[in-house]
Amino acid sequence: MMGLYFDELEIGRVIELGAYEFTVENIRAFKEKFAPVPFHLDDAEAAKGLFGQQVAVGFHLCAAWMPCFVGINTQERIRLAGAGKDLPEIGVGLGMSDIRWPRPVFAGDVVEYRTTLVAKRKLASRPNWGLLENLNEGLRDGEVVVRFSAKMLVARRKLSSFEIAF
Amino acid sequence: MIGQRSFEDFHVGQVFPLGPRVITAEEIKSFALEFDPQAFHLNEVAGESSVLGGLAASGFHSGALMLRLICDSFLSNSSILGTSNMERLTWLMPVHARDELSGALEVTALRPSQSRPQMGIMNFAAHLQNQAGVRKVELVGTFFFGRRTT
């Protein structure tokens, strides 16, 4: 996580992840691949629907968090490696919960993502990994358009032989 | 071929089959390039040596694929209006290249919307497993459907 081991993570830290632009093209491509329903594909159906026009798929708003996260994560790993820090193995996500889409997103919208480190705990079942919970938000003009909690595995710092002995 | 399903056509306990659908290495890499460019989603060797134990789909990919299988099962031919939330998307096990995914969606609750009389709300629980019966992904959430006007 940002080049840090589980043991180095500061709960409460907020990390700005960068922005994703929703375009006519990427909205349409996501719909055709993953959400081919009438109100997403057809202008007339969209006009009659809850939003009055075409909107981005909710899962697209979640998925777009990821390239922002990977971009900053990679940048931080490179920066810390350059400073001589040893880097943890990259962990994986276990799932998302409390996924909310309070406002629709339209073509032309730019959504800025951020993550807040909420809690962490050691895992008895996986001594090399810890569990991190974070709260993730996407904002357009300062208003939240997507929000979800996520759980991910973060590698624990390997103990030196000195630390193991004592 | 049944006509378009409205809110009134669903009942609690109703089960819709999902899949089967084989996920390929090419589509895993293509999704990862666009949304999750990490080595274990892009490269077989990196996948093998990672905690995922082989080239594996991004969790956002397996979630999106679950949505697609729900569309193909019944959602595309329904009065679906959208949603505003999902309770959880859980990645129990990595989805590997060549996994044949199948599963089911069960309707767990149905209620008319208080604020929008023309709308009904469904709660559901869905899962996907592979050909060996290993459960990989679960989605628990909500859909909004249009109600019949006549």
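This is a predicted model: local features need pLDDT of at least 70, side-chain atom pairs count only at pLDDT 80 or more; totals for chains, interfaces and linings use all residues.
Figure 1. Chain A contains 6 helices and 5 strands, which follow one another from the N terminus as β-α-α-α-α-α-β-β-β-β-α. Its C-alpha trace spans about 70 × 35 × 30 Å along the principal axes. Chain B contains 4 helices and 6 strands, in the order β-α-α-α-α-β-β-β-β-β from the N terminus. The C-alpha atoms of chain B fill a box of roughly 60 × 30 × 25 Å along the principal axes. Of the 166 residues in chain A, 35% are buried; of the 150 residues in chain B, 41% are buried. Among contacts with a separation of 6 or more, residues 24 or more positions apart account for 72% in chain A and for 71% in chain B.

**Figure 2. The contact surface between chain A and chain B.** Here 27 residues of chain A are in contact with 28 residues of chain B. On the side of chain A, two or more residues come from each of helix H1 (24-34), helix H4 (58-63), helix H5 (65-82) and strand E2 (93-100). E2(A) supplies the largest share, with 7 residues. Sorted by class, this side of chain A comprises 19 nonpolar, 6 polar and 2 charged residues.

**Figure 3. Strand pairing across the two chains.** E2(A) runs antiparallel to strand E3 (residues 85-91) of chain B, and 5 bridges join the two strands. Within this pairing, Ser97(A) has Arg88(B) as its bridge partner. Strand E2 of chain A also holds Asp98(A), a residue other than glycine whose phi is positive, near 50°. Most residues other than glycine have a negative phi. Asp98(A) counts as partly exposed because it has 13 C-beta neighbours inside 10 Å, and a residue is called exposed at 12 or fewer and buried at 20 or more.

**Figure 4. The largest nonpolar core.** This core has 77 residues, and those touching the most other members are Leu61(A), Cys62(A), Met66(B) and Ile70(B). In soluble globular proteins, nonpolar side chains tend to be buried together. Neighbours within four places in sequence aside, Cys62(A) is in contact with Met96(A), Ile99(A), Val146(A) and Phe148(A), and with Phe60(B) from the other chain.

**Figure 5. Helix H1 of chain B and its surroundings.** Ile28(B), Phe31(B), Ala32(B) and Phe35(B) are the buried residues of helix H1 (residues 25-35) of chain B. Viewed down the axis of H1(B), these buried residues fall within an arc of 100° and so line one face of the helix. An α-helix has 3.6 residues a turn, so residues three or four places apart point the same way. The exposed residues Glu26(B) and Leu33(B) lie on the face of H1(B) turned away from its buried side. The cover over the buried residues of H1(B) includes H4 and H5 of chain A, along with helix H2 (39-42) and helix H4 (59-73) of chain B.

Figure 6. Strand E3 (residues 110-122) and strand E4 (residues 129-140) of chain A run antiparallel and are joined by 10 bridges. Thr115(A) has Asn136(A) in E4(A) as its bridge partner. The hairpin from E3(A) to E4(A) passes through 6 residues. E4(A) also pairs in the antiparallel sense with strand E5 (residues 143-155) of chain A, over 12 bridges.

**Figure 7. The turn between E4 and E5 of chain A.** The hairpin of E4(A) and E5(A) has 2 residues between the strands. Asp141(A) is placed in the loop between E4 and E5 and has a positive phi of about 50° although it is not a glycine. With 9 other C-beta atoms within 10 Å, Asp141(A) is exposed.

**Figure 8. A cis peptide bond in chain B.** The peptide bond from Gly19(B) to Pro20(B) is cis, and its omega is near 0°. Most peptide bonds are trans. Pro20(B) belongs to strand E1 (residues 15-22) of chain B.

Conventions:
Residues are numbered from 1 along each chain as its sequence is written. Chains are lettered from A and ligands numbered from 1 in the order in which they are written. Two residues are in contact if their C-beta atoms, placed from the backbone, lie within 7 Å. Ala, Val, Leu, Ile, Met, Phe, Trp, Tyr, Cys and Pro count as nonpolar, Asp, Glu, Lys and Arg as charged, and the others, Gly among them, as polar. Two strands pair if DSSP finds at least two bridges between them. A nonpolar core is a set of buried Ala, Val, Leu, Ile, Met, Phe, Trp, Tyr and Cys residues joined through C-beta atoms within 7 Å. The arc is that of the directions from the helix axis to the C-beta atoms.
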